Amino acid sequence: MTGEPMTQRPSYTCRVLPGAAMRAVAGVNQGDALGGAEALCPGDVYRLDGAAEPQDLAIVDAGVAAGAAGGVPVLRPGEAHAVATASEAGTPGAALRLAARLTFLAPDGHSLDVMLIEAEAANEAPEALLFPLGPVEAGLDYLLAGAGPPAAVRLAEVVPFAFAAGTRVTAGDGRMVEVERLAPGDTVLTRDGGKRPVRAVLARTERALGAHAPVVIPAGTLGNAGDLILSQHQRLLVYQRGSDRLTETPELLVRAGDLVDGETVTLRRGGFVDYVSLALDRHEMLFAEGVAVESLEVNAATLPRLPAEQAQAVAGLDHAPHHGTEAGRALAAEARARLLGGKT
């Protein structure tokens, strides 16, 4: 099994945290990183390292045709899954095993479930990977309340590519309308296609913690008319002029989260946030507070990663990605320095 997945494209991907990034700060396992299920002790208190970065786990699923994109991303106990080539997390070829479902209690009393996944490479100790089923915030103390047997888990993105409620989008008639006031059939102004009808409006409320905390780009920072508040995964279109542009294409797509510098552009943590995604017949660049920001991209690769009820609402759409260069972390850092006047 370890040789075959190396030659296969991933069936799907999800974002995980390394178990080594979550360490016990009190209890029986104090000082130890979160590891195998057999060593866990309820009552221990864990804290996520502030420097922890989510990683893409690329998965080969024996139940999905080799190389097929867009398979339904579900891990099931006892079924054959493996780490695919070029995965950020895990060792390519390592077998993946659902080890346990962990329940933590956050300081404010809400519960957080985390799926513990073990990546088992030949002649190596299993590597613990964590798939949180809700937001987890670095620096907070989480009490391990229990560790139960694993169950099948759909590896859906909990936070969609979305606007925070209150952010204004330019409607087809030129008015700036709060995104939550739009409805299917309303028209919005797009950068490349002019007026386009909204196909679906997808809303959900999340705790504003960890990767779910919204990005706040204050009015005027990018020429935006008002505060631009987006999910961390939402991408903005940066149009580069002149010979000193960062990429061959003038269009650069930058995730909102990669613009956070902690001074000008910040994360709004705490409480809850209402997110709204707009799906059109095509993947378009809308104008949010006057800045070009993407609509929800729906295709065979992204559809299975949406929560089930939202996936059903946009079923049948198959978008080609918007043209432009996707900014990786290094490129995004350069773009941030330019856009924010050199602040990092």
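Glu 289 sits in the loop between strand E23 (285-288) and strand E24 (291-294); strands (E, at least two residues) and helices (H or I, at least four) are DSSP runs numbered from the N terminus. This is a predicted model, in which local features need pLDDT of at least 70 and side-chain atom pairs count only at pLDDT 80 or more, while totals for chains, interfaces and linings use all residues. Residues are numbered from 1 along each chain as its sequence is written, and side-chain values use heavy atoms, with hydrogens and water left out.

**The chain as a whole**

- Count up the secondary structure of the protein chain and you get two helices and 25 strands.
- Take the contacts (heavy atoms within 4.5 Å) in the protein chain between residues at least 6 apart in sequence: 65% of them join residues at least 24 apart.

- Most residues other than glycine have a negative phi.
- Glu 289 has a positive phi, near 55 degrees, and is not a glycine.
- Glu 289 counts as buried because its relative accessibility is 2%.
- Asn 123 is another non-glycine residue with a positive phi, about 60 degrees here.
- You'll find Asn 123 in the loop between E8 and E9.
- With a relative accessible area of 86%, Asn 123 is exposed.

- His 233 lies in the loop between strand E18 (228-230) and strand E19 (235-239).
- The relative accessibility of His 233 is 14%, so this residue counts as buried.
- Setting aside residues up to four places away in sequence, His 233 touches Arg 15, Phe 161, Arg 255 and Glu 294.
- With Arg 255, His 233 also makes a side-chain to side-chain polar contact at 3.0 Å (N or O atoms within 3.5 Å, one able to donate a hydrogen and the other to accept it; residues adjacent in sequence count only if both atoms are side-chain atoms).

**Two alanines in loops**

- Ala 151 belongs to the loop between strand E10 (141-148) and strand E11 (153-154).
- At 36% relative accessibility, Ala 151 is partly exposed.
- Beyond its neighbours within four places in sequence, Ala 151 is in contact with Leu 75, Pro 77, Leu 98 and Met 115.
- Ala 151 and Leu 75 are 76 residues apart along the chain, yet their C-alpha atoms are separated by 8.4 Å.
- Ala 33 is in the loop between strand E2 (22-26) and strand E3 (45-48).
- A relative accessible area of 31% makes Ala 33 partly exposed.
- Ala 33 touches Gly 19, Ala 20, Met 22 and Arg 23, leaving out residues up to four places away in sequence.

**The largest cavity**

- Lining the largest cavity are Leu 17, Met 22, Leu 112, Val 114, Leu 130, Pro 132 and Val 136 (a cavity is a set of points on a 1 Å grid over the protein atoms alone where a 1.4 Å probe fits but cannot get out, and lining residues have an atom within 4 Å of a point).
- Strand E8 (111-120) and strand E9 (127-132) each give at least two residues to that lining.

Conventions. On a 1 Å grid over the protein atoms alone, a cavity is a set of points where a 1.4 Å probe fits but cannot get out, and a pocket is an open set with protein on both sides within 12 Å along at least five of seven lines; lining residues have an atom within 4 Å of a point. Buried means under 20% relative accessible area, exposed over 50%, partly exposed in between (1.4 Å probe, protein chains only).
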